[in-house]
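Visitor: I have a structure open and would like to go through its packing. Can we take it piece by piece?

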Amino acid sequence: MPQPRRLVLCVDDEVVGLQVRKMILERAGYEVLIAQDGPTGLDVFAQQPIEAVVLDYAMPGMDGGQVAARMRAQKPQVPILLLSAYMTLPADVIRHVDVYMTKGEGAPMLLQKLNSLFSPVSK
């Protein structure tokens, strides 16, 4: 029996990166919803049975740390993977996410880290 596709929300203000990430995740078997800003991401997160989030840190208006904190307050059980071009982020941002990685680590690492969020040993 085939595994059900996990529903992942990707939030990023960079359209090209968002579309590429969506394509990579769909090819890996995920169902993917996208949002181009924090407020839209929060709306989708509240309305859909999201199973994991891939969230960009640097976005105008509401950064990934603020979005992650609100998501964590709404559905604390949903894992969040935070992406950033920055090598380090403040501790008050990191504490709201399960996994942090830089965008430069690439697609294979993104898939590996996302898959680990669904593994029972990761929690």
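This is a predicted model: local features need pLDDT of at least 70, side-chain atom pairs count only at pLDDT 80 or more; totals for chains, interfaces and linings use all residues.

Visitor: Start with the core. How many residues are in the largest nonpolar one?

Guide: The largest nonpolar core has 23 residues. Those with the most contacts inside it are Leu 9, Ile 50, Val 53, Leu 55, Met 71 and Leu 82.

Visitor: Now the helices. At what angle do H1 and H5 pack?

Guide: The angle between H1 (residues 15–27) and H5 (residues 107–117) is about 60°, and their axes are 11 Å apart. H1 and H5 are therefore oblique to each other.

Visitor: Is that crossing of H1 and H5 left-handed or right-handed?

Guide: The crossing of H1 and H5 is right-handed.

Visitor: Which residues make the contact?

Guide: H1 contributes Arg 21, Ile 24 and Leu 25, and H5 contributes Ala 107, Leu 110, Leu 111 and Leu 114. By type, the contact of H1 with H5 has six nonpolar residues, no polar ones and one charged.

Visitor: Which residues of H5 are buried?

Guide: Leu 110, Leu 111, Lys 113, Leu 114 and Leu 117 are buried in H5. The buried residues of H5 pack against E1, H1, E3, E4 and E5.

Visitor: Different topic. Where does His 96 lie?

Guide: His 96 is in the loop between helix H4 (91–94) and E5.

Visitor: Why does His 96 count as buried?

Guide: Because its relative accessibility is 14%, and buried means under 20%. With residues up to four places away in sequence not counted, His 96 touches Gly 65, Ala 68, Ala 69, Arg 72 and Ile 80.

Visitor: What about Glu 105?

Guide: Glu 105 lies in the loop between strand E5 (99–102) and H5. Glu 105 has a relative accessible area of 34%, so this residue is partly exposed.

Visitor: How far apart are Glu 105 and Ala 85?

Guide: They are 20 residues apart in sequence, and 9.7 Å apart in space, C-alpha to C-alpha.

Definitions and conventions
Residues are numbered from 1 along each chain as its sequence is written. Side-chain values use heavy atoms; hydrogens and water are left out. A nonpolar core is a set of buried Ala, Val, Leu, Ile, Met, Phe, Trp, Tyr and Cys residues joined through side-chain atoms within 4.5 Å. Buried means under 20% relative accessible area, exposed over 50%, partly exposed in between (1.4 Å probe, protein chains only). Axes are lines fitted to C-alpha atoms, for helices over the stretch in contact, and angles run from 0 to 180 degrees between N-to-C directions. Helices (H or I, at least four residues) and strands (E, at least two) are DSSP runs, numbered from the N terminus. Angles under 35 degrees count as roughly parallel, over 145 as roughly antiparallel, 65 to 115 as roughly perpendicular and the rest as oblique. A crossing is left-handed if the near helix is turned anticlockwise from the far one by less than a right angle, and right-handed if clockwise. Contact means heavy atoms within 4.5 Å. Ala, Val, Leu, Ile, Met, Phe, Trp, Tyr, Cys and Pro count as nonpolar, Asp, Glu, Lys and Arg as charged, and the others, Gly among them, as polar.
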